[in-house]
Structures are given as structure tokens and as C-alpha cells.
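Here are a few friendly notes to read alongside the model. Please keep the structure open as you go through them.

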Amino acid sequence: MTREVDDLYQRIVLEHYKRPRNFRVPQDANHKACGDNPLCGDHIDVYVRLEHGAILDIAFAGVSCAVAKASASLMTEAMMGRDATCGRALLNKFEHMVGSAGTEPDPELGELRAFAEVRDFPSRVQCAMLAWDALRTVLHPGAG
Amino acid sequence: MDTLYVEEMRTRASGTLVARWRRRFPILRARVHGKPLVYLDNAATTQKPQAVIDAVSRFYAQDNANVHRGVHALSQRATDAFEAARSRVQVFLHAAAPAEIVFVRGATEAINLVAQSFARPLLVPGDEILVSAMEHHSNIVPWQQVCRQTGAVLKVVPINEAGEFRFSEYERLLGARTRLVAVTHVSNALGSVTDIARVSALAHAKGIPVLVDGAQAIAHVRVDVRALDCDFYVFSGHKCFGPTGIGVLYGKRERLEAMPPWQAGGDMVRSVSFDGTEYMPIPHRFEAGTPDIAGAIGLGAAVDFVSAIGLEAIAAHEQRLLHHASAGIGRIPGVRIVGTTRHKASILSFVMDGVHPHDIGSILDREGIAIRTGHHCAMPAMQHFGLPSGTARASFALYNTLEEVEQFVEGVRRVQEMFR
């Protein structure tokens, strides 16, 4: 397998696709947002329990490709327990990373840096962003 | 003689032949991501032989002028070349006369032309148009639009689990209010070939005209519009080794002559005054404005290229590729082929348990293997099979080889191993 594919479909992405974290529909979520990719029919729902500006719980459900699902799974891990402002900052860093070539990913992104390679697959950027775009509508300024 | 030996000799002979066909396509020497290109997205568009590239560039280098206008030499040369291309297409489709060949931008424009010029003036509320469940969006949406404009209703002939047109349902749906049948010759998503002569005979028994979407058939199946007895046949040049931006509407003379122009402008009128305008006879009535002259000439060269090889030889080779590929990926655990009729053109749609088609496509791409993934602009057909994410689709053309099929099968096998 070529290096680039190894880079995008590396162990951590495949692992989160096969065993996604927080892949559930929580009963006590007070926010829900949908991410749709009409081009491929992919659909991810993001559920958030947001209280006093803090993400107390975050989970997701839906049908999607490996890139979208692993990205959603890692997103929920990274967002759990953060406050909305921090969450928004992280979201912006992630979006910057997958959208701009030639820049070194912010170390704060941790395991999410696995998706830096999506820059080499422009048609897949929206897969990586599917859950994040949904979360953005929940974390808008003044939420919670 | 030993049958295995005969088979081996046949395979070698056809390998040499295919190598010769293949050398005519310069792009097939390209490398992608450092790997030799394995182009298996021919249902989306085909590559172009040198003869087509040369015909287009020679026109611009030597003959370029507008058509049907000037008295000067170049204009006459351009007109002759443009009209010669029309005659080549006529012969290729076995149409009765060049006047039955209208140059358009592609199959999509041809269907819109028939929807607006033929169907729209005819339809009243409650009338019906019949399509199949495996149409490309371009043979659905123009009919939905004309239905909205007129109050007509779009009816759908279902397909079975193998992806075959259901003739029993078709006969039931052909009714007193049916005004037109519009079906695909070859399904772009499944590869199914529909028996168009039978579609036509059943419709004509009730006086109903038939339009055939030939976009996927034209480079793979011998098309004889008189044997098919369809009223309209449409295709795009770029799916038959020709340039993009040029396509064909074939219409039976009496149909075209009864139709008003669709688009209006220059080149489609005999005389214009503010009291009234007299239109040109067919086919020029439907070719308003300066056409894609170089595109038509390129398409003429493409049609010559295909005719010289022969569609029987092409179909035989492609069937061998299809069977080899189907058997190969059929042996991979978790892979399921979508569209399993025996009557298939060289399209292989498949899904893999637990793996999204996009992931299959991205991984194969990095191996230099180009396939299509998704709904293939045939969302209703995907819904029929309960596949909202669509399928992965390999589609073969005359220049693909058994070695390429093996690389493709090996690539799919590696994807399955990665996700296991």
C-alpha cells in the first residue's frame, strides 16, 4: 500500500472506524445537529448535553465512510468536558488543518492530527468535516 | 485440439489486439500517484484516441471557420467536415437519413430538447410519462420538469432484484394516458441491458413513442435505431471516445418534422422579418447558434475509430473483462455485486460489508486505479437496493486489459484486508 493511503487510513483512523467512541444516542442531550453530505448520502447526528457553557456529554450516530466516522469519534473524545469557547477554538484549528496545505498541524490537536493527510484528498475534506460542521451549529457563540 | 489450448491462444490473440487498440490512447501511458494509470471509470467518460485528438486539432489548425454561412473556402471546408460527421453518425446508428441526426451538447440536452419540444406541447393534466427505476437523473429530472409544467404524471417501471426491467409491470403501466416511454438502453449504475426492441414493440402497439437513453450503450453495444424501432435515441460523444460538449439526438424524421424548435437564434431560420420567421428544415431547426463544430468532427473521428474495430469485437473483449472481474471480486469475503442480470454491459457495481464506497475509491486511487463511487446519478436505483451510500463501480472499455482487471481485484482484496 502506498505511503499516502497509509497516512490517511492509518491505524488510528481504522481503529476509530471499527470501534467508534461515543457512538450512541444519549437520552439527556439538549442539543442535536445533523451533518449531511447529499453527494454520498452520508449522515451523522451529533448529540450534545451543554450546561453553563460546558460540554457535559457528546455522542454521535449515523451512517458514513471511515474518514467521517473516525473523525466524529475522535471529535467526541476531544470535546468531552470542554467548555464551548475552547471547543470552538479546537474546531477552528481542526478545520484549518484539513483545509490548508503546507502548515504544521497545531500540537494541541493531538490524535486529530491523523486527519492532516486529508489535505491530499480534496474530495474527502467534507467527509472529515461532517461531524464538525454539525457541532459548529451547537457551539455558536452564546450557546448553552 | 485441447480446448484449454484453444482458449489460451484466443486470450493471447486478443491480448495482442487489445495492446494495439490501447496504443492509440496517449493518456493510458500516464502515471497517477507514481503508478501506471488503470482507468476503470469509462462509464463516466472514455479516454480519447489520437485520431480524435488529431481531428479536433487539425480542424482548428487548418479548416476553422463557421458553418452554413460563408461563401469562402474555409467556411465550405468546415461545413463539409461538419456535415460529413453527421453522415458518419447516421451510418453508425443505422438511421435512415442524416437529417435524423441532430447535434446537441450531450444526452442531457437531447432529452431536454425532446421533453420541451416534443412532450410539452402534447401533454395535458393527467397524461403519463413512463420511465424505469434505473434511469440516470438526466432521464428523470427533465420529465419531472415537464410534468410540473403541464400537470402530467411521471410513472415508474420497477426493476427486479437482479436489476432487470420488469416487462410484466411495464405492460400493466402502458395505459390510455401514456404519452411517452423514456428508458435507458444500458443502466449506468448496474450495467443492465434492456431489450429495447421489445420496449418499442409493446409501446408502439398502443401508439406510444419511445425515447432511449443510449449514453451507456453507445460504446459497448451495436446500436441500430431502425431495428430497435425507437422514436428517439440520445447519446453523448464523450462516452464513445469523442470530445465532451457534443452529443446526438436521433429522431425519426416524422417525429422531428412535427416538432417546433426548442432554442431560437441564428442558423435555425430560413428567413427572418419582424412579421414572421420561417424555420429551417430538420435537423438545422434544432441547431440554433454556432454549433460545436470541432466537437462534431471529433465525434465523427471517434465513430470511425469504433467502427473500424467493430462493436462485436469490443463487446466480446469487454464481456471477458466483466466476467473475469466479477469472478475475481465475487471471491472476496464480504463483497456483493449489485446488478446481476446475465444481460450486462461492461459495468461492475459492488459493495463491501462494513466499508463505505468512498473509502474503497480513495484507496484504489492511490494505487493508480480510477473507479467511480457513490450513487452514479441514479439515486432511485440505489434506493431500490437499499444503498443510500451507493456502490463502487468499475466500468471497462475496449482498451482495458485482463492484467488491469487483476490489479483491480487485488486492490479490492487489499481494501477488504485493511478493514477486516
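Predicted model: local features only at pLDDT ≥ 70, side-chain atom pairs only at ≥ 80, totals over all residues.

1. Strands (E, at least two residues) and helices (H or I, at least four) are DSSP runs numbered from the N terminus, and two strands pair if DSSP finds at least two bridges between them. With that in hand, look at strand 14 (residues 347–352) and strand 17 (residues 391–395) of chain B, which pair in the antiparallel sense over four bridges.

2. Residues are numbered from 1 along each chain as its sequence is written, with chains lettered from A and ligands numbered from 1 in the order in which they are written.

3. The pair in chain B belongs to an open, antiparallel sheet of four strands, ordered 13-14-17-16. Strand 13 (335–338) and strand 16 (372–374) of chain B each have a single partner strand, so one side of each lacks a neighbour in the sheet.

4. Over in chain A, helix 3 (residues 66–79) has 14 residues and spans 20 Å from first C-alpha to last, close to the 20 Å expected at 1.5 Å a residue (1.5 Å times one less than the number of residues). Just after helix 3, A:Gly81 has a positive phi of about 85°.

5. Twelve of the 14 residues of helix 3 of chain A are buried, so the helix is largely enclosed by the rest of the structure (buried: 20 or more other C-beta atoms within 10 Å of the residue's own, placed from the backbone). Among them are A:Lys69 and A:Met79.
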